[in-house]
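Please examine the sequence and the structure shown below. The briefing that follows treats strands, helices and charged pairs in turn.

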Amino acid sequence: MRCLIVHHWDADGISSAALLYLLLRRGVFGEPPAKITNVTPKIGIYSLKSLRLQGDYDLVIFADICFPKEEVLRLKRFVGAEELWIFDHHVQEEIQEASVTHVNPIIKGESREKYPSASWLLAEHFRNYVTLPHCEFLKVLGAVGDLEGGIKKTKAYQDVKRFLDGVNMSFEEFLHVVELVDSNYRVGCNECVEDAVLKLLEAEKPQDVLKVKEWRERAENVRAEIEKCVSGCNEQQKQEIKTASGCNVLICELDTRLHIISAVTRRLAAANPEKIVVVVNRGFEMEREQDSFVQIYVRTHLALDLTPLIQLCRAKGCSAGGKPEVVGVVASPDVGTDFLRSLKEFLTRNF
Ligand SMILES: [Mn+2]
């Protein structure tokens, strides 16, 4: 049996892929595979087109990422797989097809506190089959990766706390572990992300991650660039608009080659909890193509549901995804400027 894992590039995607290796090797999906490969789409581009695939597989598993039904089925046919599984917790349409199993309790109405990450979902889904300390580490790493400090407000935090006490690590130190794992995608390196899954399989406890020298160096550069962008936003002339119901929308423009828009948006939203924060990055370039894609992130601490934005973005030909409190968009250069205007109008009218 040969298995292909397609995973998101962030700490949750990486942890989920590593968890899948452990589960597969323990025979959770039938006889342990003779070959397991993991791939992530081109960082920042939510499209299957950007996957570099070779060879045939019997089983494909998606972790912490999903695509429209047609693309998922095309991939399955392309690699000749008989079976495909999806484990995700983002807001998406359910794929109902023979030989496709879509596991996403969030779209079935389950509470997001119960499933804060894809890693958590995997660990819970297979809890009766596998219990290893290593699984617990990966489960917690994905969840803290996705929610950071926000996890303290969820019920899941009890488990996180118990785990951290057990390995004798503070929450702040563990955030540093997340930062090191995330640095692999933030520098825009696909190979680094894919390799990080294998490195995590060797790291049995969080302290082992802190010793990985390349990750420490990457994280150092990333941290400096995030600080530069956040202070740049604070110094920029304030671009604010007001929505129909009186919310303030704060808009900030970045120019960075690193994939830090989500981190910068998170920081600005935390500093402006009464606003909807929109961050735009035009500095992000594809490696070969010269065209600049426009990345946009919207995040708010107001208890709003931003997911209707996803539909708007897709209708305008952009790729988009997210959760009620955060939506990420990639717009191709030709729709970039127009799209931004539509986005502002949409926010003004609907929030
Ligand atoms: Mn996730």
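**Briefing on sheets, helices and salt bridges**

Cysteine 252 stands opposite valine 279 in β8. The strand pair concerned is β7 (residues 248-254) and β8 (residues 275-281), which run parallel and are joined by seven bridges. Two strands count as paired if DSSP finds at least two bridges between them. Strands (E, at least two residues) and helices (H or I, at least four residues) are DSSP runs, numbered from the N terminus.

This is a predicted model, in which local features need pLDDT of at least 70 and side-chain atom pairs count only at pLDDT 80 or more, while totals for chains, interfaces and linings use all residues. Residues are numbered from 1 along each chain as its sequence is written, and side-chain values use heavy atoms, with hydrogens and water left out.

**The sheet of six strands**

- Strands of a sheet pair through backbone hydrogen bonds, either parallel or antiparallel.
- β7 and β8 belong to an open sheet of six strands with mixed pairing, in the order β6-β7-β8-β9-β11-β10.
- The edges are formed by β6 (239-242) and β10 (319-323), each with a single partner strand, so one side of each has no neighbour in the sheet.
- On average, neighbouring strands of this sheet are turned by 15° against each other, direction ignored.
- β6 and β7 run antiparallel and are joined by four bridges; glutamate 240 has leucine 250 in β7 as its bridge partner.
- The hairpin of β6 and β7 has five residues between the strands, and glycine 246 there takes a positive phi near 95°.
- Alanine 320 stands opposite valine 329 in β11, and a hairpin of two residues joins β10 to β11.

**The sheet of five strands**

- Another open sheet has five strands in the order β2-β1-β3-β4-β5, with parallel pairing.
- Its edge strands are β2 (35-39) and β5 (100-103), each of which pairs on one side only.
- β1 (residues 2-7) and β2 pair in the parallel sense over five bridges, and isoleucine 5 has asparagine 38 in β2 as its bridge partner.
- Helix α1 packs on this sheet and touches β1, β2 and β3 (59-63), its direction making about 160° with that of β1.
- Contact here means heavy atoms within 4.5 Å.
- α7 lies across β1 and β2 and runs at about 135° to β2.

**Helix packing**

- Two packed helices are described by the angle between their axes and the distance between the axes.
- Axes are lines fitted to C-alpha atoms, for helices over the stretch in contact, and angles run from 0 to 180 degrees between N-to-C directions.
- Angles under 35 degrees count as roughly parallel, over 145 as roughly antiparallel, 65 to 115 as roughly perpendicular and the rest as oblique.
- α1 (residues 11-25) and α7 (residues 190-202) pack at about 55° with their axes 9 Å apart, which makes α1 oblique to α7.
- The crossing of α1 past α7 is right-handed, a term used if the near helix is turned clockwise from the far one by less than a right angle (left-handed if anticlockwise).
- The contact of α1 with α7 has 11 nonpolar, one polar and one charged residues.
- In this classification Ala, Val, Leu, Ile, Met, Phe, Trp, Tyr, Cys and Pro are nonpolar, Asp, Glu, Lys and Arg are charged, and the others, Gly among them, are polar.
- The axes of α1 and α3 (residues 118-125) come within 8 Å and cross at roughly 20°, which makes α1 roughly parallel to α3.
- α3 and α4 pack at about 150° with their axes 7 Å apart, which makes α3 roughly antiparallel to α4.
- The contact of α3 with α4 comprises five nonpolar, two polar and two charged residues.

**Salt bridges**

- Side chains of opposite charge can pair when their charged atoms come close.
- The count comes to 27 salt bridges, each defined as a side-chain nitrogen of Lys or Arg within 4 Å of a carboxyl oxygen of Asp or Glu.
- Glutamate 136 and lysine 139 form a salt bridge through their side chains (3.9 Å, N to O).
- Glutamate 136 and lysine 139 lie three residues apart in α4 (residues 133-147), and are therefore separated by about one helical turn.
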